[in-house]
Amino acid sequence: MIPPGETIGILGGGQLGRMLALAAANLGYRCHVYAPEPESIAADVCAEFTCAGWHDLAALERFASQCAVVTYEFENVPVEPLAVVRAATRLQPHCKALEVAQDRVAEKSFVEPMGGRPAPWAPVADMAGLAIAIDTIGAPGILKTRRDGYDGKGQWRIMTPADIDNVPEIDRALVYEGLVRFEAEFSVLLVRGADGDVRFWDSPENRHNRGILARSTVPASPLIGSQIAEARALAGKIAAELDYVGVLAVEFFATEAGPVFNEMAPRVHNSGHWTIEGALTSQFENHIRAICGLPLGDCALAARGVVMDNLIGDDAHDWHQILSDPCNHLHLYGKAAVRPGRKMGHVTRLVL
Ligand code: AMP
């Protein structure tokens with residue numbers, strides 16, 4: 001167990017790190033952020049900040065030696081240099097979770113033997129491979145980068161086989177997926193303690209706009225409700241197989257034929273931001289509790305319902321209007337520049 005007063009290291013300097021650090025501070029921990037970018041909205045609320053590259057082994061070693069445990073808020077941290085972190089201190093969740101989640105092909109291959117059902121998929125290395133994939137799986141479909149894609153970035157929709165002509169030159173490993181005709185999207189959010197104790201939050205229904213999460217609503221629709229048990233069973237198996245410690249998010253499409261696996265995130269997740277006010281214990285607090293070996297908090301809903309809206313780009317300018325409704329809980333991440341498509345904050349409303 002890592003007692004309050006110790007220092008928690010966070011790899012990554014964005015809003016997830018910021019909210020983790022705020023939760024850690026409430027429990028009496030200090031946080032030390034490690035990120036390559038000199039501006040860090042997580043570091044703004046932390047005791048220590050190391051600004052260094054992911055491959056700077058000396059800096060990583062120095063950082064890790066000052067932390068009782070290190071976690072990550074960003075799943076694309078390169079895995080190889082983390083060996084120096086693991087040699088110096090505890091890394092939670094285990095980096096096997098990063099290895100799986102960083103590569104869409106590894107992720108799909110990992111869940112299939114456990115009974116997970118992704119959309120039909122095929123790895124694509126070049127144009128000839130793409131033509132074969134479209135021929136086999138059919139169109140419409142989505143071509144995605146295997147690595148480093150997020151918020152719908154690195155994706156091309158292929159509505160008919162002729163759309164292959166609009167695909168840019170293939171210079172990275174890709175995966176082609178059949179387009180899922182879903183009724184809705186949802187996520188399973190769980191926390192697993194070091195002792196194997198697993199708890200689930202209510203699953204939010206997630207609405208995306210241009211690939212970016214726009215709104216999470218709890219409780220989800222009855223269709224999703226009927227698929228949660230199967231989805232939770234898969235998420236629980238993933239967590240057990242990875243000997244996972246911390247918060248894990250698994251995203252699904254709710255289809256007429258049941259839940260279709262989309263992707264997993266080995267970290268706190270945007271679709272869990274509603275838990276700050278909407279659950280008895282937030283995802284951020286339970287992640288800190290889990291990685292420090294503390295007893296987990298109750299994940300039960302704290303209201304009849306919850307709606308969380310992301311504030312994307314210019315939405316953040318509406319902060320005054322949002323605050324004029326006393327029932328709104330406003331979270332601004334302190335990002336200096338507003339850019340289209342950038343997550344600037346979120347607002348949560350409880351249905352009491
Ligand atoms: P991703 O980054 O893979 O989660 O994709 C972002 C969003 O694009 C998802 O939340 C869906 O709304 C949509 N999307 C991604 N893959 C598919 C698919 N195979 N079929 C239908 N919609 C998809």
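**View 1. Composition of the shell around the ligand.** By class, the residues that form the shell around the ligand comprise five nonpolar, six polar and six charged residues, as seen in this predicted model. In total, 17 residues surround the ligand, and the closest of them are Lys144, Glu177, Val180, Glu185 and Glu263.

**View 2. Polar side chains facing oxygen atoms of the ligand.** In the side chain of glutamate 185, an N or O atom is 2.6 Å from an oxygen atom of the ligand, while for asparagine 262 a side-chain N or O atom is 3.0 Å from an oxygen atom of the ligand. Histidine 208 also takes part, with a polar side-chain atom that lies 3.4 Å from an oxygen atom of the ligand. Of the 470 Å² of accessible area that the ligand has on its own, the protein covers 94%.

View 3. Two or more residues of the shell around the ligand are given by each of strand E7 (141-145), strand E8 (155-158), strand E9 (174-178) and strand E15 (258-265). Because residues of the shell come both from domain 2 (120-178) and from domain 3 (184-351), the ligand lies between these two domains.

**View 4. Strand E12 and its antiparallel partners.** Strand E12 (residues 205-209) runs antiparallel to strand E10 (residues 184-192), to which two bridges join it, and five bridges join E12 to strand E13 (residues 212-218), again in an antiparallel arrangement. Glutamate 205 of E12 is the bridge partner of phenylalanine 186, and glutamate 205 also stands opposite threonine 217 in E13. In the hairpin that E12 and E13 form, two residues lie between the strands, and arginine 210 takes a positive phi near 50°. As background to the view, side chains in a regular strand alternate between the two faces of the sheet.

**View 5. A tilted aromatic pair, tyrosine 34 and phenylalanine 63.** The structure holds six aromatic pairs. In the pair of tyrosine 34 and phenylalanine 63, the ring centres are 5.1 Å apart and the planes stand at 55°, so the pair is tilted. Since tyrosine 34 belongs to strand E2 (residues 30-35) and phenylalanine 63 to helix H2 (residues 57-65), the pair ties together parts that are 29 residues apart in sequence.

Note on methods. Residues numbered from 1 in each chain as written. Predicted model: local features only at pLDDT ≥ 70, side-chain atom pairs only at ≥ 80, totals over all residues. Heavy atoms only, no water. Near = heavy atom within 4 Å. Polar contact = N/O pair within 3.5 Å; in protein donor to acceptor, adjacent residues only side chain to side chain. Areas by Shrake-Rupley, 256 points an atom, 1.4 Å probe, with all protein chains shown as cover. Helix = DSSP H or I, 4+ residues; strand = E, 2+ residues; numbered from the N terminus. Nonpolar A, V, L, I, M, F, W, Y, C, P; charged D, E, K, R; others polar. Domains from an automatic or database assignment. Pairing = 2+ DSSP bridges. Phe/Tyr/Trp six-rings, centres within 6.5 Å; stacked < 30°, edge-to-face > 60°.
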